[in-house]
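Subject: Structure for your review

Dear colleague,

Please find below the structure that I am handing over to you, together with its sequence. My notes on what was found in it follow directly after.

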Amino acid sequence: DRAMQTLCVGQGAMVGVLLGMGFLHSFENQLVFQAGPLLCAFLLSALTFLVTDKFVAERAASKNTHFAFVFALLMASGSLVSSLFPALESHMAQVYFGDLATLSVSDSQFAVVGSTICLLLLIALNKTISNQSFESAVFGNLISTQSSALGHYGFKFITLLILCFSVQFVGFLFTVALLFLP
């Protein structure tokens, strides 16, 4: 029941990608230009997650109003960042709409390696994540404490990282569609 929070975190990742591209656009090194926006996206989406998670914990009512405010603020921030860096105008459309057909070979390779690492980590944490998901659905919170911190924070870390990968390489709308359509 955190669809609006997911939209906010995705929008935070989009703003992070734009910030990273804006600040690191002058670097000729392809790895810096790929990893830099990903790192900025991860940091901003993690910050967005922590802020919106605090909203969920503190307020019983009107959570969606707070989420809508954060979403609109991040959307405006994305427009502000693209106006501060005029070279980002074409990237803004790319990050928002995405286009799988225009991914470069190096972008595809970077995404495949990063996604494979995340998949292997999810496979390794499968039992812990499944247990925590069950406990959260049935009891409303985590009951077991054995290895739950690693699985709990590991899952959040991997989820944010995959979300940032997806926003950077295939766009915000594609990412959001694949989060909610299944």
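One aromatic cluster is formed by Phe110, Phe165 and Phe169. Please note that the model is a predicted one. Helix α7 holds both Phe165 and Phe169, which are 4 residues apart, about one turn of the helix. Phe165 has a relative accessible area of 7% and is buried; Phe169, at 6%, is buried as well.

In total, the structure holds 5 aromatic pairs. Another of them joins Phe42 and Phe157: the ring centres are 5.0 Å apart and the planes meet at 70°, so this pair is edge-to-face. Phe42 belongs to helix α2 (residues 30-58) and Phe157 to helix α7 (residues 148-170), so the pair ties together parts that are 115 residues apart in sequence. As for accessibility, Phe42 counts as buried because its relative accessibility is 15%, under the 20% limit. Phe157, with a relative accessible area of 42%, is partly exposed.

Turning to helix α8, which spans residues 172-180, its buried residues are Phe172, Thr175 and Val176. They cover an arc of only 95° around the axis, so they lie on the same side of α8.

The C-alpha atom of Ser115 is separated by 9.6 Å from that of Ile158, and the two residues are 43 residues apart along the chain.

Finally, a word on confidence. The protein has a mean pLDDT of 79, and 79% of its residues reach 70 or more. Which elements have the lowest and the highest mean pLDDT? The lowest value, 66, belongs to helix α4 (residues 89-97), and the highest, 86, to helix α5 (residues 105-124).

With kind regards

Definitions and conventions: Residues numbered from 1 in each chain as written. Predicted model: local features only at pLDDT ≥ 70, side-chain atom pairs only at ≥ 80, totals over all residues. Heavy atoms only, no water. Buried < 20%, exposed > 50% of the residue type's maximum accessible area, 1.4 Å probe, protein only. Helix = DSSP H or I, 4+ residues; strand = E, 2+ residues; numbered from the N terminus. Arc of directions from axis to C-beta. Phe/Tyr/Trp six-rings, centres within 6.5 Å; stacked < 30°, edge-to-face > 60°. pLDDT = per-residue confidence, 0-100.
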